[in-house]
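Subject: Structure handover

Hello,

Please find the structure below, with notes on what was found in it. The notes follow the sequence and the model.

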Protein chains: 2
Amino acid sequence: MANAKLRVIPLGGCGEIGKNMTVIEMGNDAIIVDTGIMFPANDMHGVDYIIPDFQYLIDRKDLKIHGVLYTHGHEDHIGAVAHVLEAFPDVPLYATRLTASLIEVKFANARRFNEARVSHDPIVNIIYAGTNFELGPFKIEPFRMTHSIPDCLGFAINTPYGLIVHTGDYKFDNNPVDGKKPDYAKLAEFGQRGVKLLLADSTNADRPGWTESESTIEPAFEKVFATAKGRIMIATFASLMSRVQQAAHVAKKYGRRIAIAGHTMREYVNIAREIGYLDIDESLLIDIGKINSVEPQKLVIMVTGSQGEPAAVLGKLASGRHRYLDIRKDDTILLSSHPIPGNEEMVYRTINRLIQRGANVVYDSLEKVHVSGHASREEMRLLLNLVRPQYMVPVHGEIRHLVEHKKLAAESGVPENNILIAENGTIIEVDRHYVRKTERLPGGYVFVDGSGVGDIGRAVIRDREILARDGFLIVSVLLDKKTGKLIEEPSIVSRGFIYLREADELLSQVKYTVESTLSANISANGHRGDLIEESVGKLLYNETRRRPMVFSIVNTI
Amino acid sequence: MANAKLRVIPLGGCGEIGKNMTVIEMGNDAIIVDTGIMFPANDMHGVDYIIPDFQYLIDRKDLKIHGVLYTHGHEDHIGAVAHVLEAFPDVPLYATRLTASLIEVKFANARRFNEARVSHDPIVNIIYAGTNFELGPFKIEPFRMTHSIPDCLGFAINTPYGLIVHTGDYKFDNNPVDGKKPDYAKLAEFGQRGVKLLLADSTNADRPGWTESESTIEPAFEKVFATAKGRIMIATFASLMSRVQQAAHVAKKYGRRIAIAGHTMREYVNIAREIGYLDIDESLLIDIGKINSVEPQKLVIMVTGSQGEPAAVLGKLASGRHRYLDIRKDDTILLSSHPIPGNEEMVYRTINRLIQRGANVVYDSLEKVHVSGHASREEMRLLLNLVRPQYMVPVHGEIRHLVEHKKLAAESGVPENNILIAENGTIIEVDRHYVRKTERLPGGYVFVDGSGVGDIGRAVIRDREILARDGFLIVSVLLDKKTGKLIEEPSIVSRGFIYLREADELLSQVKYTVESTLSANISANGHRGDLIEESVGKLLYNETRRRPMVFSIVNTI
């Protein structure tokens with residue numbers, strides 16, 4: 001056994017590294033930590049979301065996957081569960097109570113919308129911080145961490161070559177909303193025992209100091225509640241249950257009832273209340289359909305769409321497209337969130353539109369209504385000093401964050417050569433005497449667009465990019481087989497290029513160009529299409545300085 | 001005269017309000033402040049830039065435009081000069097020495113690339129802070145302000161109905177790089193005299209405190225220079241001459257020579273040196289073509305592309321596409337800039353790629369290598385307390401900023417009803433007894449794409465949006481005129497929808513759908529095309545959950 005290779009492979013998303021899925025294997029035995037999705041960049045046109053490329057696991061027929069361990073219930077850690085179970089229908093999942101519930105919701109929705117072709121529900125085993133268990137050759141020690149969602153875990157994984165510690169997403173919140181503090185003692189104990197390899201969250205590696213506790217938000221909420229004249233709407237992530245709990249606390253204090261707009265958030269709130277993770281008295285809640293029976297100053301509405309998503313509640317309110325909610329004068333809207341990089345433009349546009357509709361909008365640059373869920377630099381130092389790893393792989397973050405985290409770890413005493421920056425797909429080999437990077441798997445991530453998983457790639461995205469920039473123009477011609485001459489005028493279809501109704505002259509020029517190209521190349525036969533495309537493309541560029549895609553369809557008769 | 005209407009009209013860009021162009025008219029006499037461009041949002045596909053919609057001025061044949069006053073030389077204040085001069089070829093321009101030079105460069109380039117159809121060079125009159133002059137019925141008092149480019153002005157405009165003060169872009173920099181401080185005395189004097197209306201920069205209205213002086217950057221530069229092992233590249237805006245000056249100071253101190261990569265920046269540096277606005281000794285400069293003759297640790301290269309623009313120097317370096325520069329180990333790249341909202345994703349992607357190529361990248365969350373050019377809240381309060389306006393219109397910012405600026409002005413003692421939030425195109429009427437908003441002009445802004453000005457609008461952008469999301473598919477069929485039957489198999493052209501080479505089955509389904517639609521509607525004649533589009537669209541949605549644009553071309557013979 002101890003001769004088998006121990007390998008750690010961060011898989012997953014674009015941009016961030018080692019975040020969405022990590023494979024740990026020892027010979028033919030493997031476990032997975034998390035199966036999350038990533039959200040597409042602005043220039044990944046039409047992509048709904050991105051899943052890690054786990055083709056490697058599919059190809060390794062010899063590999064026994066003993067289970068998937070979940071650190072917490074955010075989309076970027078659980079979102080690909082249905083895709084993974086489609087490939088490995090019987091792999092058992094291990095998660096805390098709340099995380100398990102969120103996975104079950106996620107999976108049930110995926111099956112309802114035919115995204116998951118698995119005939120049975122997943123096998124989710126509930127695990128607890130402090131209760132160890134074994135998966136194949138690995139002994140797993142889940143330990144309590146804090147983040148912006150309750151019931152988070154980190155994992156210590158005992159292997160024949162030493163202890164691997166995986167932090168998951170974390171910050172050291174000494175005053176968490178649910179009172180459940182990070183398990184410093186356990187981390188220190190791992191340090192005493194000796195940690196071979198630490199995989200640690202790097203998200204805020206460029207942020208000095210210490211991230212504020214979730215509980216600091218409540219006073220900021222109170223400040224807003226104390227002066228709001230009308231309804232209060234609070235926008236946050238659907239899964240951010242501790243934020244909902246805080247809103248409920250303050251609502252109760254200020255004599256306001258609370259309604260939930262947004263299907264997913266309602267679903268999550270119901271489950272969290274059922275399993276005892278949300279303490280909201282029934283009398284405090286009011287059905288979203290009945291809010292008009294309550295005076296505005298007695299009401300809080302929780303809404304989704306804090307990232308500026310046009311299809312979520314806040315986006316619909318901003319553009320006046322919500323079915324039964326609208327913005328009224330004296331509404332106060334509180335964005336308890338921070339734009340994810342790439343979303344700034346949409347978030348600020350949403351805020352501007354809400355203001356135009358008369359709302360008072362409070363967001364995080366005005367009041368401290370949001371804090372980050374990730375550790376800042378001083379917390380990272382604390383982690384390193386507790387765990388004192390022999391080797392370290394910074395994960396969860398863009399390369400720029402990993403590099404900063406590496407510098408910080410080196411300052412904290414990890415030998416610089418023992419800190420490995422490993423991009424997604426890099427196989428990290430752990431041996432008795434070393435930890436080192438070896439080859440990198442091909443692939444990287446898989447685009448999901450509509451019902452297609454991986455059926456569009458870089459080439460299709462590139463075409464979409466060109467179409468987005470300059471549109472297309474298609475010329476269809478019908479030629480006499482014998483003379484090679486046009487039988488009728490060329491037909492033209494074009495979109496996204498120019499406002500056609502005001503482009504008569506240009507269209508005439510296109511037709512003229514097609515005609516003269518054809519008559520100058522009467523015997524060209526096979527490549528008349530290419531010649532047309534070339535000459536029309538040139539014409540369009542000269543006239544407009546744009547380069548739409550140009551196609552021709554040539555029929556001869 | 002005093003019966004004529006005095007009107008102030010903020011025109012211009014998307015997103016920001018009253019930033020790019022302001023019209024001030026009294027009866028038939030008008031002046032303009034600034035003629036700038038805006039950069040498109042990420043979802044304004046293919047748009048190169050946006051100019052203010054000044055159709056109103058073109059329609060007002062009775063209006064005599066006495067001149068354009070320029071506050072400073074940034075693109076968002078001068079960039080549309082060629083477009084404005086095309087409509088009003090003989091309008092005189094008024095600008096400080098540096099701003100005038102930048103306008104001349106801008107205009108010359110526009111003429112060279114045939115963007116400006118004006119037969120002569122613009123008439124630029126050099127003006128000076130503190131030297132008053134008259135334009136029609138207006139007496140103009142230019143006063144010194146500070147921003148992130150030297151030679152900035154604000155304008156006090158004397159009108160029969162009182163004094164209008166326009167700040168331009170400003171911060172109160174008490175230690176500017178060129179030593180030329182904001183003219184507090186003048187602002188106080190305006191306050192003494194009585195200011196009817198203040199138009200003031202709102203950009204940072206949600207930023208507490210006081211914006212740092214430009215000179216605070218030099219110590220941060222020094223810190224980087226002190227430890228850099230190899231070459232240093234500094235990325236900033238081409239027009240940010242004070243930053244170039246600071247780089248030159250520090251380069252001299254650390255015995256490094258300085259090269260300029262990027263055509264525009266080189267052009268600006270040459271001009272600024274010529275007219276005495278940049279103090280860089282000839283011996284300090286080295287031609288970018290000769291940098292290999294200098295040891296890496298003796299070299300600084302100024303580069304453009306700090307906003308992640310793929311076509312600028314930094315973007316090319318990040319993707320390894322620069323003609324003669326590349327990234328080497330030990331290169332230090334200093335981004336002296338902050339991402340403009342919407343650019344974050346591209347900026348961070350550029351940083352990550354530069355790190356992947358081996359560079360050490362320093363940006364503003366790591367070291368204070370950039371400061372904002374705009375006043376923060378305490379400076380705004382100072383301005384309000386100096387000027388003590390009777391009325392105020394917050395300008396330069398998104399609505400969310402204007403609203404915060406309004407609150408702040410109210411706190412500072414401007415009567416709340418006297419503070420007007422006026423969106424672009426709103427006509428603000430100034431009378432002896434009031435200042436009020438009246439109607440709003442139609443239009444708003446004009447897209448420039450390639451050589452087309454205003455020839456694409458919302459409809460074309462919407463088409464590009466759809467094409468970007470799901471691409472298109474075109475079916476071309478050739479039918480027998482008598483039987484209505486297909487003469488040959490339908491041809492299909494598609495891009496951006498699906499990876500066609502792996503979609504044989506779907507293509508067969510499309511052909512089959514076309515055939516069965518045609519045979520079920522043998523006598524449909526005129527709308528056979530519509531029927532094909534409908535049935536193929538449905539098929540594609542059912543199979544892929546995507547909605548590409550579907551077109552048909554039907555030829556009968």
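Two strands are taken to pair if DSSP finds at least two bridges between them. On that basis, three strands of chain A form an open sheet in the order E24-E23-E25, with mixed pairing. Please bear in mind that this is a predicted model.

The sheet in chain A

The edge strands of this sheet are E24 (491-495) and E25 (549-556) of chain A, each of which pairs on one side only. From one strand to the next, the twist averages 15 degrees. Strand E23 (residues 472-479) of chain A runs parallel to E25(A), and eight bridges join the two. Within this part of the model, A:Leu473 stands opposite A:Val550 in E25(A). Helix H15 (residues 528-544) of chain A packs on the sheet and touches E23 and E25 of chain A. The direction of H15 of chain A makes about 145 degrees with that of E25(A).

Domains of chain A

Chain A is divided into domain 1 (6-209 + 372-453), domain 2 (214-362) and domain 3 (471-556). The centres of domain 1 and domain 3 of chain A, taken over C-alpha atoms, are separated by 54 Å.

Two helices in chain B

In chain B, the axes of helix H14 (residues 504-520) and helix H15 (residues 528-544) come within 9 Å and cross at roughly 145 degrees. The crossing of H14(B) and H15(B) is right-handed. On the H14(B) side, the residues that meet H15(B) include B:Leu506, B:Val510, B:Val514 and B:Leu518. Among the residues they meet in H15(B) as a group are B:Leu531, B:Ile532, B:Val536 and B:Leu539. By class, the residues of the contact of H14(B) with H15(B) divide into eight nonpolar, four polar and two charged.

The contact between the chains

How many residues does the contact take from chain B and from chain A? It takes 56 residues from chain B and 56 residues from chain A. On the side of chain B that touches chain A, the elements giving two or more residues are helices H10 (344-356), H12 (399-411) and H13 (458-470) and strands E23 (472-479), E24 (491-495) and E25 (549-556) of chain B. H13(B) gives the largest share of that side, eight residues. The side of chain B that touches chain A has 24 nonpolar, 17 polar and 15 charged residues.

Regards

Conventions: Residues numbered from 1 in each chain as written. Chains lettered and ligands numbered in written order. Predicted model: local features only at pLDDT ≥ 70, side-chain atom pairs only at ≥ 80, totals over all residues. Contact = placed C-beta atoms within 7 Å. Helix = DSSP H or I, 4+ residues; strand = E, 2+ residues; numbered from the N terminus. Nonpolar A, V, L, I, M, F, W, Y, C, P; charged D, E, K, R; others polar. Axes fitted to C-alpha atoms, helices over the stretch in contact; angles between N-to-C directions. Left-handed = near helix turned anticlockwise from the far one by under 90°. Domains from an automatic or database assignment.
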